[in-house]
Amino acid sequence: MAVVQGAPPRGALVSFKIPRGRGASLGLYIARRILWLVPVLFFVITITFVLMHLAPGSPWDKEGKQLSAAVVRNLNAKYGLNEPFLAQYVRYLVNVAHFDFGLSYQYEDQPVSSLILRSWPPTAVIGALAFLMIVIFGIGIGVVAALRQNTWVDYAVVGFSTIGASTPAFVLGIILIIIFSVSLYRITGGNFSLPTGGFALDQHLIMPVVTLATLPIAFIARLTRASTLEVLRQDYIRTAWAKGLRERLVVTKHVLKNSLIPVVSALGPTFAVLITGSVIVESVFAIPGIGRAFVIAVSSRDYPMILATTILFSVIVALANLVVDLLYTVIDPRVRLG
Amino acid sequence: MDDSVARLRWLRVPALLTVVGLVVAACGTSAPTTSNLAKDQTLRVNITTEPNSLDPGQEQYAYEGAVGASISEALLKIKPDLSDAAPATAASYSVSSDGLTWTFKIRSNAKWSDGKPVTGADFVYAWQRILDPRLAAPYADPFFDGTIAGAADYANLDASKPADVAKIPAFLSGLGLSAPDASTFVVKLQAPSPFFKWIASLWMSAPVRKDVVDQYGSDKWATSPTSLITNGQYKVSEFVSKDHITLVPNTNYWGGQPTLTKIVNYEISDENQAYAKYLNGELDEVNVPLANTQLVKNDPVLSKQIKFVPQLTLFWMDFNTRKAPFNNKDARLAFSKAVDRNALATNVLQGRSAPATFFIPKGMNGYRPDLGKTQDYDPAAAKAMLTAAVGDPSKITVDLLVRNITANKQIGEFIAAQLQTNLGVKVNQVVIDSKTVTTRLRAHQYSLYIGGWGADYPDDQDWFDIWMTGSGNVFGGYSNPAYDALVKQADTTADAAKRQSLYDQAQKILIDDAGGGFLYQRNYMFLVKPYVQGLTTTAQDFEDVGDWFWSKVSIGSH
């Protein structure tokens, strides 16, 4: 092929635009994964939209005094529900593409986006705190139990994990309320109950965070313990001991790095579940969060709210999975993205 | 301690109903002196649910009225004993001799929370706005389009059709609403309506400021304390979504300043949680969860804090008269006679509700328990009647539609058991989510359902109209031309005695036809802290006992 004089070498041009090497492929990988969100969301929206409209009942159906036919007709006109199904669907897709999630039916005319922005922070805060506890305590006691296998420490951790993993959140939450909010009320002075005074970063968060974190801590502790025990039996660990390395080095450099691979893959979905809200914990502790908002939206057929929360949940789950995949490359050099 | 409660303990009046009467009377007469008032005049109550809107034109639920009635004041206001509507924003009103023109004189010192005077034009605007199909106000029908001259066309205006939308301005200006001067509001009616004073005292009949709606937007003005300009005794100072709404006195209110300086309306949907908060001293009154009824009654401290308030709410078996066996009048009557209301009230409803075999509840003019004899419990007669009407009961199967709510399920269980035992019919309980139940009811896809009615206002018209042919509020399709004619006549009759006798005749027809199998009247059983003074309860309270009249309440030192 003839090379035109003066033309810059091709390679130089390309490398000027996109950096090469591991960083470049990582950037491309992330961009590709985020672009994949578009078709995923499209399917999520379509399925939710169809199911929602198939469910019996309209947003205007209620108990007690009924709205007259004329009022229902006018409400449908106001919210565009009188249009054909397909027209509503296309209009919604176009609006979502412009980040317009519509107005809530249930809370007269309030934008769904602002309702979500209001109810998500409490959920996210409690979820993030619970996640922090899970990472610290779940992995911590799991590793300790494995290192001290068949001692009382190990038995205590296994015992806790078994009880913790089999106690549903509503049982634990109610037991905590009975003990700390009701029986010990004189001592705790109401410090352990919600709401009164709205949501804030204070002692009121202790009980919901503990309730939310207990089951996952138990689960992660068991997982960590099992995986650590397996790694401890590997040849390379024996080699590490044989080399005369100190325990701290063996554990952090060799054991943890390998035993955490299954734990990290479990933590991703756990994080997604935690910050999208637990209906039960939010109901038990009266937290004005998004889990409850979602359930109320479903039972009152608040279509725009149902769709917007579903979209948010899908985005969070997809992003959490992406982060897990990226973390694999850090803790396991064998993993290649692509 | 509040002296009215101390006096009560000394009297030891046995019947709870009398106790309530005494408490109210005692509080009403003994004005609390400043010396025994607490420093903090804050009342904390639970409205259970976050209001969807506090725009008078958009409110439709009790938990909205609970706040709405304190912040927005209509022309008139119910009296605590519900005997009449008393002047509120209107100082007086007069009705023309033909009963068609109602002239309200607005108080010269009635002011909005921003200090501007309340005018007749504010009412014209608010009521026109409700009847604007583009707003789709929930109760445009029947309160407003059923009474105001020229408003009947509301049903013919379809907000989705451009041709109809073009007609809206002419429709609104043609309504019988006018303000000849700033202090006068005149309403012309379609027909003489003795009950119109109650429409004028509904919380959604409050005035609305056009300049505020124009400035902030029809959908936005009621969502923030700064733009929510209202004319009631209180105004909203704070919205905390899904948690609480705080009210403070409206310093411009015409009627002087209340003792309570703050009302915090919590939005706690779980009744057990609210109950725990009451016990912890975080709420000043609370509805007693049904399961805790006996516990509260037997508790030496709590039993003295009980407030028992009958409500204008009544429940019945809603028969789908379009289907066998309920297309047969005797079959309906037999089903009604087969249910032991006393057992229902005592065992299932824990003695908190009153058994009923009649339609109009206690506390209303039309209360006539004697008319209910036809539906009295008599299992033997019921079975014979059913067999004579439609043959062998064991061949009959009916579906009982039940909302998936604990209390409804318990009642459903009881009714099904009674019908199976006493009549020998088979009853399938269909327990499904609330929205689906309503959809099926509206589509008439059911045979039996436990329905009910709560008064919008304490006038018989509000009750009798729902059984008229074609009504959307009773699903069973009951229709009797004789009943329709009597009610239609009574609705427009000015003479009270004549009107009452017409309604009585109508009630007799309804009960004898077993349009519904009437079951029980609901009562509120609340706990109220002894330091809450001056509580004035009505049979029309919204979410908390006494919430129509917070203005009379004060907090005693404790």
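Of the 338 residues in chain A, 34% are buried, meaning that 20 or more other C-beta atoms, placed from the backbone, lie within 10 Å of the residue's own. Please keep in mind that this is a predicted model, where local features need pLDDT of at least 70, side-chain atom pairs count only at pLDDT 80 or more, and totals for chains, interfaces and linings use all residues. Residues are numbered from 1 along each chain as its sequence is written, while chains are lettered from A and ligands numbered from 1 in the order in which they are written.

**Chain A**
- Chain A holds 14 helices and 0 strands; helices are DSSP runs of H or I with at least four residues, strands are E runs of at least two, and both are numbered from the N terminus.
- Among contacts in chain A with a separation of 6 or more, 75% join residues 24 or more positions apart; a contact means C-beta atoms, placed from the backbone, within 7 Å.

**The sheet in chain B**
- An open, mixed sheet of 4 strands runs in the order β1-β10-β9-β8 in chain B, with pairing defined as at least two DSSP bridges between two strands.
- Its edge strands, each pairing on one side only, are β1 (42-46) and β8 (234-240) of chain B.
- Strands β9 (residues 244-249) and β10 (residues 262-266) of chain B pair in the antiparallel sense over 4 bridges.
- Within β10(B), Ile263(B) is the bridge partner of Leu247(B).

**A helix across the sheet**
- Helix α3 (residues 62-71) of chain B lies across β8, β9 and β10 of chain B and runs at about 140 degrees to β8(B).
- Such angles run from 0 to 180 degrees between N-to-C directions, with axes fitted to C-alpha atoms, for helices over the stretch in contact.

Methods: A residue is buried if 20 or more other C-beta atoms lie within 10 Å of its own, exposed if 12 or fewer, and partly exposed in between; C-beta atoms are placed from the backbone. Two residues are in contact if their C-beta atoms, placed from the backbone, lie within 7 Å.
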